[in-house]
Amino acid sequence: MTVAHSQPGPRRSPGTLFKRLGPGVITGAADDDPSGIATYSQAGAQAGFGLLWTVVLTWPLMVAVQSVSGRIGRVTGRGLAGNMVKVFPRSVVTLLVLLLFVANTINLGADLAAMGAAAKLVLGGSGRLYTLGFAVFSLLAIVFVPYHRYVGLLKWFTFSLLAYVGVVFAVKIDWQAVAVGAFVPRVELSGEALTLVVAIFGTTISPYLFFWQSSQEVEDEEADPEGAPLRYHPEQAARELNRIGWETWVGMAISNLVAFFIMLTTAVTLHANGQTDIRTAEQAAEALRPIAGDLAFLLFSLGLIGTGLLAVPVLAGSVAYAVGEARGWRIGLERPLNEARPFYVVIALAIVLGVGVGFTPLDPIKALLWSAVVNGIIVVPIMVAMMIMASRRKLMGRFVAARWQFVLGWAATAVMTAAAVAMFATM
């Protein structure tokens with residue numbers, strides 16, 4: 001026994017830990033989807049440095065709720081919806097899953113339409129035709145390509161978002177004003193301003209990310225020959241909960257850092273030149289002109305398309321996970337079609353309905369903003385349900401949410417609720 005305790009056991013080298021980067025980091029990357037890019041761009045253009053504090057505030061809050069969702073999946077061996085049916089009446093679970101389906105379908109449609117507009121920006125032609133092409137490509141890739149390979153290819157497209165970081169070195173910036181905007185919260189009590197705040201919160205702390213990270217923890221555990229739900233194999237808890245914690249902090253830090261620089265870039269380019277309302281993809285792309293010149297449209301399009309292709313499987317997949325878990329289906333993006341046919345049918349349905357939403361008259365950039373607003377409203381009851389589950393010892397055993405997760409998780413729920421209520425009160 002003494003010898004066993006003297007062995008390093010769960011300790012991992014930095015190289016091994018890097019290879020184990022999983023759901024937390026992938027979720028962070030998917031969070032900067034086209035809806036996020038459009039919302040942060042509009043925030044910078046409309047408010048200048050005035051809303052930088054929102055992405056500073058949401059970082060620890062989103063770490064708390066995302067790590068809670070991952071913890072629930074890893075401890076129980078079931079995703080969020082699979083656990084909801086153990087705690088809440090089926091009618092409540094059905095309502096929450098329906099809310100997720102509505103929010104994700106709107107988000108999918110807005111993302112696909114924006115990807116089509118981005119392709120048109122560079123190639124010309126029909127934006128709607130490109131939208132259909134991206135939808136078909138995404139569906140075929142989801143069904144026939146294992147997700148880990150799909151992500152391995154698409155993550156390189158997202159590096160174009162680093163161009164937003166580069167812009168700050170190409171233009172003059174009042175860093176004192178930036179610091180004030182980042183650390184001194186100020187909100188104009190108007191319907192328009194509060195709607196934008198709800199959109200920022202909604203695109204940062206999004207309901208689909210909870211279901212996604214929780215279900216991906218389950219998939220990773222099932223794919224590991226040595227893995228098992230922590231409630232029944234507590235000897236793995238120290239290693240796995242530590243991994244969930246640090247990779248979620250890293251993933252959300254990357255996500256919010258990119259968001260911060262998108263907002264900062266549009267503040268020092270568009271807002272500074274009097275352009276305070278972004279209506280088209282062309283206007284949003286102009287923010288990159290100081291560093292990219294005539295390539296601004298190309299860089300913007302690569303970022304929008306790359307993050308969109310990464311987000312579509314997450315949006316559609318999180319809905320399919322939720323429906324499948326609630327109904328007890330075989331689920332998983334690593335499963336072939338013949339093993340999880342109903343799961344893939346839900347994904348196809350979400351994408352098809354999303355394409356329909358994307359064909360509405362609303363401009364793709366505005367659609368992205370309003371999809372973020374919808375997320376900011378619908379996320380509240382889902383967060384309440386998740387935090388209740390994370391504190392149930394009957395469900396989680398001795399691995400209920402840590403004190404910091406409990407405090408920050410409920411704080412995040414309160415912030416999202418207050419923002420949504422204030423928005424409706426002033427509209």
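Ile347 sits in helix α18 (residues 341-358); helices are DSSP runs of H or I with at least four residues, numbered from the N terminus. The model is predicted, so local features need pLDDT of at least 70 and side-chain atom pairs pLDDT 80 or more, while totals for chains, interfaces and linings use all residues. Residues are numbered from 1 along each chain as its sequence is written, and side-chain values use heavy atoms, without hydrogens and water.

Ile347 counts as buried because its relative accessibility is 1%; buried means under 20% relative accessible area with a 1.4 Å probe, protein chains only. Val143 is 204 residues from Ile347 in sequence, but their C-alpha atoms lie 9.1 Å apart.

The largest nonpolar core holds 137 residues. Such a core is a set of buried Ala, Val, Leu, Ile, Met, Phe, Trp, Tyr and Cys residues joined through side-chain atoms within 4.5 Å. Ile347, Phe300 and Leu333 are among the residues that touch the most other members. Helix α17 (residues 296-327) gives the largest share of this core, 17 residues. Phe300 touches residues including Ile37, Leu121 and Tyr164, not counting residues up to four places away in sequence.

The lining of the second largest pocket draws its largest share, 5 residues, from α7. Helices α8 (127-144), α15 (281-285) and α19 (364-390) are among those that each supply at least two lining residues.

How values were computed:
Buried means under 20% relative accessible area, exposed over 50%, partly exposed in between (1.4 Å probe, protein chains only). Contact means heavy atoms within 4.5 Å.
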